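Biologist: I've never looked at this one before. Could you walk me through it, one question at a time?

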Amino acid sequence: MSMTREELDELMLDSARNAVITTREEFGLELDGSIDSIAVVDEVILKWINKYRDQALEDKAVFTLCNIYGAYVGEVFKKTVGGEWSYDDSNPDTPLLLLEYGTHSYAFAGICYQRLVNDSQISVDSYFSQAVSNNTQ
């Protein structure tokens, strides 16, 4: 899948907006674009599992949830620190969507996946805070 930078940026903005709208409609919680709202993402990911149990862990749902929340977290990072989205499809079985800033690349959708699927103790907020810290010292 080949996209221009503008198409990728628009896709990520749309995905982040979907996270805001879906979170409000499903759980009555606000994602306001602030750094503090990243902690809400941690909460919401677990709420999906509690509300929908097995359905939340179906492949399509996992893909969608991780991508919209990853986009949201990435857009907050871009607003706070900067960065550019990149899409690496060199391995078509596992394409990577990353936010790059300086010499660092951040897999915000990947950390959402880890919390949703592998370990509820993994914190999107901690990952985000470390990414910000890496670039503001």
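Biologist: Let's start with Trp-48: does Trp-48 count as buried or exposed?
Modeller: Keep in mind that this is a predicted model. Buried means under 20% relative accessible area. Trp-48 comes in at 9% relative accessibility, so the residue counts as buried.

Biologist: Which helix holds both Trp-48 and Tyr-52?
Modeller: The two are four residues apart, about one turn of the helix. Tyr-52 has 26% relative accessibility, so that residue counts as partly exposed, while Trp-48, at 9%, is buried. Both lie in residues 38-52, which is helix H2.

Biologist: How many aromatic pairs are there, and how is the pair of Trp-48 and Tyr-52 arranged?
Modeller: Searching the whole structure turns up ten aromatic pairs. For Trp-48 and Tyr-52, the ring centres are 5.4 Å apart and the planes meet at 25°. Planes under 30 degrees apart count as stacked, so this pair is stacked.

Biologist: What about Val-44: buried or exposed?
Modeller: Val-44 also belongs to helix H2. The relative accessible area of Val-44 is 0%, so the answer is buried.

Biologist: How are the rings of Phe-108 and Tyr-127 arranged?
Modeller: Their centres are 5.7 Å apart, with the planes at 90°. The cut-off for edge-to-face is over 60 degrees, so the pair is edge-to-face.

Biologist: Which helices does the pair of Phe-108 and Tyr-127 tie together?
Modeller: Phe-108 is buried at 1% relative accessibility, whereas Tyr-127 is partly exposed at 26%. The two are 19 residues apart in sequence. Phe-108 lies in residues 108-118 and Tyr-127 in residues 124-136, so the pair ties together helix H4 and helix H5.

Biologist: Which residues do ring pairs link into a cluster?
Modeller: Phe-108 and Tyr-127 are both in it, and they pair edge-to-face. The cluster as a whole is made of Phe-77, Tyr-101, Tyr-106, Phe-108, Tyr-127 and Phe-128.

Biologist: Which ring does the charged end of Lys-51 sit over?
Modeller: A charge has to be within 6 Å of the ring centre to count, and within 35 degrees of the ring normal. The charged end of Lys-51 is 5.4 Å from the centre of the ring in question, that of Phe-27.

Biologist: How many disulfides does the search find?
Modeller: A disulfide is a covalent bond between the sulfur atoms of two cysteines. Here the sulfur of Cys-66 has its closest cysteine sulfur in Cys-112, at 6.0 Å, which is too far for a bond. The cut-off is 2.5 Å. Over the whole structure, the number of disulfides found is zero.

Biologist: Are those cysteines, Cys-66 and Cys-112, buried or exposed?
Modeller: Cys-66 has a relative accessible area of 5%, so Cys-66 is buried. For Cys-112 the value is 1%. That makes Cys-112, too, buried.

Biologist: What is the volume of the largest pocket, and which residues lie nearest its centre?
Modeller: The volume is about 570 Å³. The lining has 21 residues, and by class these are 15 nonpolar, four polar and two charged. Nearest the centre lie Phe-63, Asn-67, Pro-95, Leu-97 and Ala-109.

Biologist: Which element gives the most to the lining of that largest pocket?
Modeller: At least two lining residues each come from helix H1 (5-27), helix H3 (59-80), strand S2 (96-101) and H4. The one that gives the most supplies five residues, and that is H3.

Biologist: Staying in helix H3, is Glu-75 buried or exposed?
Modeller: Glu-75 and Asp-9 are 66 residues apart along the chain, and their C-alpha atoms are separated by 9.5 Å. The relative accessible area of Glu-75 is 15%, so Glu-75 is buried.

Biologist: How far apart are the C-alpha atoms of Val-73 and Ile-35?
Modeller: Val-73 is in helix H3 as well, and at 0% relative accessibility it counts as buried. Along the chain, Val-73 and Ile-35 are 38 residues apart. Their C-alpha atoms are separated by 8.8 Å.

Biologist: Last one: how far apart in space are Leu-116 and Leu-57?
Modeller: Leu-116 sits in helix H4 and is buried, with a relative accessible area of 5%. In sequence, Leu-116 and Leu-57 are 59 residues apart. In space, C-alpha to C-alpha, the distance is 7.8 Å.

Conventions. Residues are numbered from 1 along each chain as its sequence is written. This is a predicted model: local features need pLDDT of at least 70, side-chain atom pairs count only at pLDDT 80 or more; totals for chains, interfaces and linings use all residues. Side-chain values use heavy atoms; hydrogens and water are left out. Rings of Phe, Tyr and Trp (its six-membered ring) pair if their centres lie within 6.5 Å; planes under 30 degrees apart count as stacked, over 60 as edge-to-face and the rest as tilted. Buried means under 20% relative accessible area, exposed over 50%, partly exposed in between (1.4 Å probe, protein chains only). On a 1 Å grid over the protein atoms alone, a cavity is a set of points where a 1.4 Å probe fits but cannot get out, and a pocket is an open set with protein on both sides within 12 Å along at least five of seven lines; lining residues have an atom within 4 Å of a point. Grid points are joined across faces, edges and corners, and a volume is the space filled by probe spheres set on the points. Ala, Val, Leu, Ile, Met, Phe, Trp, Tyr, Cys and Pro count as nonpolar, Asp, Glu, Lys and Arg as charged, and the others, Gly among them, as polar.
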